[in-house]
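Colleague: I have not looked at this one before. Could you take me through the structure step by step?

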Amino acid sequence: MELFCFCMTARRFFDRIYRFLSLRPVYHGLFWAVMFANMFYNSWRSGGEGVWATISNEVIGLVFYAILVYLNLLYLIPNYLARHAFVYLGFVLTACALATPIEVMVFYLKYSGWPEHRALLVRNQGDFFVANVLVVLLSTVLRLIMDWWRYQTEKQVLLTQTMQSELRFLKSQINPHFLFNTLNNLYALTLKKSDKAPEIVLKLSEIMRYMLYECNERRVLLTKEIQYIHNYLDLERLRQPKEADIRFTTEGHISEQMVAPLLFVPFLENSFKHGLNHHVKDGGFVRLQLRVSGEDLEFFIENSKAEALPSLTHARSGGIGLTNLRSRLEILYPENHSIEVQDEPHRYAVTLHLRML
């Protein structure tokens, strides 16, 4: 649990850093700061003319880079890159070809008293042009990386919102028949002044509190999910025939493993709704088994099928509920889960294999 809390704290810390670095003024400022530092270092190492002369040269160069880069980011990329790549490249080369002589002219005027520097500038115009093109293309690459990163982030946010919406929908789907039957049984027990009434109230309140208040995190303790299953089955035993065989066993070392909340609810509801609830004479059965080995979990549930039910009707026992569960598992445990279904004439069984990462 302490490791989980540490991981969550670290994740929130890095999320804050990411949000700060994602601010446009911040990452643009960092880009130009790195550019200026690199330009100054290279000029100084090659034997500059002094600190202030070197700084003034690099500031002039940075201004022209900025003009070309923001022309690229604000106009050329949005209007040409995706639709006309070669036209875009042509505009980049043209913009750099127009900017380079103007940049050389500015430096030419700056070195009015240095004829040897002026001659060097004229000879190195091609280097200025190549540098301008490389900086513009670098800004294009960085823009594409940022757009890709932003798309992945938005996609992840959308998946998280979808998962939360499905969880809220699941929490809102407290089976009304289950709830009303439990309340009716509770009313009957209170009339009889049964000693079971307080226990039922406690179990029902635990179920409601867990579903409404404790399932808002991405992961919950596996022990809480197991306790939810026990409470759910205890209340189902009240409204099922006495002959009904309802069992739940666990195997393995269960300590601080974390799982997605309400992960087993669709299995429980399907087993009773499409299985045990249709038995009148013999009561039928619902049997559950949960095995844990380290981070590996196997959840097995089987229920009887009434002979009177058409096979097509019961074939849907894993229909909508299992379909929604599969999509939720794809979001929560991609490539770390599998579901096996056995649909037999008198028995329906589902096995969930899960890697609790």
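Modeller: Start with pairing: two strands pair if DSSP finds at least two bridges between them. Keep in mind that this is a predicted model. Strand β6 (residues 337-344) and strand β7 (residues 347-355) run antiparallel and are joined by eight bridges. In this pair, the residue of β7 opposite Glu-340 is Thr-351.

Colleague: How many residues lie between β6 and β7 in their hairpin?

Modeller: β6 covers residues 337-344, and β7 covers residues 347-355. The two strands form a hairpin, and the number of residues between them is two.

Colleague: Where in the chain is confidence lowest, and where is it highest?

Modeller: The chain averages a pLDDT of 79, and 84% of the residues score at least 70. Helix α11 (residues 311-314) has the lowest confidence, with a mean of 42. Over residues 310-319 the pLDDT is below 50, yet this stretch has 15 contacts in the model beyond near neighbours in sequence. Confidence is highest, at 94, in strand β4 (residues 285-293).

Colleague: Which residues touch the most other members of the largest nonpolar core?

Modeller: In soluble globular proteins, nonpolar side chains tend to be buried together. Here the largest nonpolar core has 48 residues. Seven of them, the largest share, come from helix α9 (residues 222-239). The residues touching the most other members are Phe-264, Leu-297 and Phe-299.

Colleague: How many residues are in the other core, the one with Trp-32?

Modeller: That core lies apart from the largest one. Its members include Trp-32, Leu-62, Tyr-88 and Val-136, and its size is 20 residues.

Colleague: Trp-32 is in α2. What should the 22 residues of helix α2 span, and how far apart are its end C-alpha atoms?

Modeller: Helix α2 runs over residues 24-45. Its buried residues include Val-26, His-28, Phe-31 and Trp-32.

Colleague: Is Asn-132 buried or exposed?

Modeller: Asn-132 lies in helix α6 (residues 125-172). Its relative accessibility is 1%. Buried means under 20%, so Asn-132 counts as buried.

Colleague: Which residue's side chain makes a polar contact with the side chain of Asn-132?

Modeller: Leaving aside neighbours within four places in sequence, Asn-132 is in contact with Tyr-65, Leu-68, Cys-96, Thr-100 and Glu-103. A polar contact of 3.2 Å joins the side chain of Asn-132 to that of Glu-103.

Definitions and conventions:
Residues are numbered from 1 along each chain as its sequence is written. This is a predicted model: local features need pLDDT of at least 70, side-chain atom pairs count only at pLDDT 80 or more; totals for chains, interfaces and linings use all residues. Side-chain values use heavy atoms; hydrogens and water are left out. Helices (H or I, at least four residues) and strands (E, at least two) are DSSP runs, numbered from the N terminus. Buried means under 20% relative accessible area, exposed over 50%, partly exposed in between (1.4 Å probe, protein chains only). A polar contact is a pair of N or O atoms within 3.5 Å; within protein, one must be able to donate a hydrogen and the other to accept it, and residues adjacent in sequence count only if both atoms are side-chain atoms. Contact means heavy atoms within 4.5 Å. A nonpolar core is a set of buried Ala, Val, Leu, Ile, Met, Phe, Trp, Tyr and Cys residues joined through side-chain atoms within 4.5 Å. The expected span of a helix is 1.5 Å times one less than its number of residues. pLDDT is the predictor's confidence in each residue, from 0 to 100.
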